Amino acid sequence: MKLEVKNVTKTYKEKTAVNNFSMVLQSGECVGLIGPNGAGKSTLIKVISDIINPTMGEILLNGKKISQMKKEIGYLPQYPNFYHWMTAQETLAFMGELSGLRKEELTKAIPEILSKVGLSGEENSKVGTFSGGMKQRLGIAQALLHKPSLIVMDEPVSALDPIGRREVLNLIEEIKRETTILLSTHILSDAEEICERFIIIKNGQKIEDTTISDLLNSNRENKMIFEVTSIDQEWMEVLKNLNYVKDVEAVGNKIKIEVEHIGLNKNMLIRSALEHRVDLVKFEITNDTLEEIFIKLVVEK
Ligand code: ADP
Ligand code: MG
């Protein structure tokens, strides 16, 4: 399996939802498409899943146009449309037939897939009685019914409560072993747990394509946190005026100090604290968390 997104642009009247976006997904990968609301995630995912056509560019799966390869792709929409009066079994039969599966195939495939998503025993329950997590697992079952080699999920856990979120994340963790995954989210921590690679989208454009460790390493910050018994305004002023200090910020009893070179400046800072009789409780060297890096990327760039 190889998915190629080639220079995809999608325009709605004046609005460019996706702007000259390219990426490649290889077999076995689990990739998170991450971006704030309105970034273009759903639009891009619909183009990839051949639900809508791009204005420009193309999607290739194993080198062939996606429209000829629909059987290889499973799609979970951001807002799956279920009939609440149908049972789980009826829902899958209905959707399976819509996607061209034969009745005999479905008789075999439906119990298998219900078991895979942890809904065995619920086949005759009405979807209207399902929790958010169960509905989303049924949505994933629907996307996997025809055994695609790639499953594309649009915000599969964003709308769920913590229990539903856990259920679905565990399920995705299992699916990952046999299916290539592309999933979108506006919540970094959703993807952090399951994806090795992140593609960040903002205003329809790709702004980053990276791994967790590369992202953390490239943003290795020169920061120290001093925890003190109370903030000494005089020392705060001194810090701001030190030529090697780039930024100072006090939150509660913690002072976060960004310096030019942590290795060179660490002891200078400690000496300065002692000279000013700052009552230190603790000091540590710190890096930005993924969340902080993400916010920087999507808000400040
Ligand atoms: P995301 O899923 O990242 O929140 P979307 O792909 O839904 O972003 O939307 C990207 C942009 O395109 C938004 O500004 C949105 O308002 C606009 N958009 C999405 N769908 C349509 C549509 N059918 N008609 C017009 N504008 C749209
Ligand atoms: Mg969306």
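User: What makes Y12, K15, A17, P36, N37, G38, A39, G40, K41, S42 and T43 the surroundings of ligand 1?

Analyst: In this predicted model, ligand 1 is surrounded by Y12, K15, A17, P36, N37, G38, A39, G40, K41, S42 and T43, where a residue is near a molecule if one of its heavy atoms lies within 4 Å of it. Residues are numbered from 1 along each chain as its sequence is written, chains are lettered from A and ligands numbered from 1 in the order in which they are written. Local features need pLDDT of at least 70 and side-chain atom pairs count only at pLDDT 80 or more, while totals for chains, interfaces and linings use all residues, and side-chain values use heavy atoms, with hydrogens and water left out.

User: How do you know that K41 makes a polar contact with ligand 1?

Analyst: A polar contact is a pair of N or O atoms within 3.5 Å; within protein, one must be able to donate a hydrogen and the other to accept it, and residues adjacent in sequence count only if both atoms are side-chain atoms. A polar side-chain atom of K41 lies 2.8 Å from an oxygen atom of ligand 1, so the pair falls within the limit. An N or O atom in the side chain of S42 is 2.9 Å from a ligand 1 oxygen, and a polar backbone atom of G38 is 2.7 Å from an oxygen of ligand 1.

User: How much of ligand 1 does the protein cover?

Analyst: Of the 560 Å² of accessible area that ligand 1 has on its own, the protein covers 61%, with areas taken from the Shrake-Rupley method with a 1.4 Å probe, and, for residues, only the protein chains shown counting as cover.

User: Which element gives the most to the shell around ligand 1?

Analyst: The most comes from α1, with three residues; helices (H or I, at least four residues) and strands (E, at least two) are DSSP runs, numbered from the N terminus.

User: How is the antiparallel sheet arranged?

Analyst: Four strands form this open sheet in the order β12-β13-β11-β14. Within the sheet, β11 (residues 223-228) and β13 (residues 254-259) pair in the antiparallel sense over five bridges, and M224 stands opposite I257 in β13.

Notes
Two strands pair if DSSP finds at least two bridges between them.
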